[in-house]
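Biologist: Could you walk me through this model and tell me what stands behind each label? I would like to hear the value and the rule together.

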Amino acid sequence: MLCRAACSASRKLVPALGTPWTPAARQKHSLPDLPYDYGALEPHINAQIMQLHHSKHHATYVNNLNVTEEKYQEALAKGDVTAQVALQPALKFNGGGHINHSIFWTNLSPSGGGEPKGELLEAIKRDFGSFEKFKEKLTAVSVGVQGSGWGWLGFNKEQGRLQVAACPNQDPLQGTTGLVPLLGIDVWEHAYYLQYKNIRPDYLKAIWNVINWENVAERFQACRK
């Protein structure tokens, strides 16, 4: 259910981040519900982090995105290209924050962890050598993000292969690299600092215990159609 909501949110954001839209086509974005309680991912991610991350940080991106889109709509109506250009960074940041987090929540599950199965696992072995090598590579890329950002497993549709990538700040993976997002790991400090302090590697070690591989596999199958 939430997977569909997240995909829908991502699709609705495309006009805001790319092609212009007509005023009648615009719909306000909303904060998606979590498919689990705030404390469901403990001990790996505690309830306080989840509550603040979802109800405060993600909610702020949604609110700011709606405000920015209203301003952008006004600029379009006036034909004010300068204002449209000036609003692009806010659209990218808040739109990316909404897209990224809508994916992130569904990538996590209290019953997650372990390894993926089926075609996703075979693709990981093909493109990275083994699941462990993939895990090490995505962890290293995520640890290495300077400042705030995300580590991603994405799908390159042109090459038909999986790729690992890092994005700074809230840059959305597909909108900035062309890779279809399958699994995102948030390495902003608000995602882990209250529990893991400044030790990002400990957070990254723990998060593998709650990765929702069923959701990642669903995304993998969907982007191959």
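Biologist: Why is Ser142 called buried?

Modeller: In this predicted model, Ser142 has a relative accessibility of 0%. Buried means under 20% relative accessible area, exposed means over 50%, and partly exposed is in between, with a 1.4 Å probe and protein chains only. Ser142 is at 0%, so Ser142 counts as buried.

Biologist: Thanks! Where is Ser142, and which residues does Ser142 touch?

Modeller: Ser142 is in helix 5. Helices here are DSSP runs of H or I with at least four residues, strands are runs of E with at least two, and both are numbered from the N terminus. Leaving aside residues up to four places away in sequence, Ser142 touches Gly151, Ile185, Val187, Arg200 and Leu204. A contact means heavy atoms within 4.5 Å.

Biologist: What is the predictor's confidence in the protein?

Modeller: The average pLDDT is 91, and 88% of the residues score at least 70. That score is the predictor's confidence in each residue, from 0 to 100. Over residues 1–24 the pLDDT is below 50, and this stretch has 42 contacts in the model beyond near neighbours in sequence.

Biologist: How do helix 5 and helix 8 cross?

Modeller: Two packed helices are described by the angle between their axes and the distance between the axes. For helix 5 (residues 131–143) and helix 8 (residues 200–207), the axes come within 10 Å and cross at roughly 145 degrees. The axes are lines fitted to C-alpha atoms over the stretch in contact, and angles run from 0 to 180 degrees between N-to-C directions.

Biologist: Which hand does the crossing of helix 5 and helix 8 have, and which residues make the contact?

Modeller: The crossing is right-handed. A crossing gets that name if the near helix is turned clockwise from the far one by less than a right angle, and left-handed if anticlockwise. Helix 5 contributes Thr139, Ser142 and Val143, and helix 8 contributes Arg200, Pro201 and Leu204. By class, the contact has 3 nonpolar, 2 polar and 1 charged residues. Ala, Val, Leu, Ile, Met, Phe, Trp, Tyr, Cys and Pro count as nonpolar, Asp, Glu, Lys and Arg as charged, and the others, Gly among them, as polar.

Biologist: What makes Asp33 exposed?

Modeller: Asp33 has a relative accessible area of 61%, so Asp33 counts as exposed. Asp33 lies in the loop between helix 1 (2–17) and helix 2 (47–78). Pro43 lies in the loop between helix 1 and helix 2 as well, and the peptide bond from Glu42 to Pro43 is cis, with omega near 5 degrees.

Biologist: Why is Ile99 called buried?

Modeller: Ile99 has 10% relative accessibility, so Ile99 is buried. Ile99 is found in helix 3 (residues 81–107).

Biologist: Why are Asn169 and Lys197 called partly exposed?

Modeller: Asn169 has a relative accessible area of 38%, so Asn169 is partly exposed. Lys197 has 47%, so Lys197 is partly exposed.

Biologist: How many disulfides are there?

Modeller: The count is 0 disulfides, where a disulfide is a pair of cysteine sulfur atoms within 2.5 Å. Cys167 has a relative accessible area of 2%, so Cys167 is buried.

Methods:
Residues are numbered from 1 along each chain as its sequence is written. This is a predicted model: local features need pLDDT of at least 70, side-chain atom pairs count only at pLDDT 80 or more; totals for chains, interfaces and linings use all residues. Side-chain values use heavy atoms; hydrogens and water are left out.
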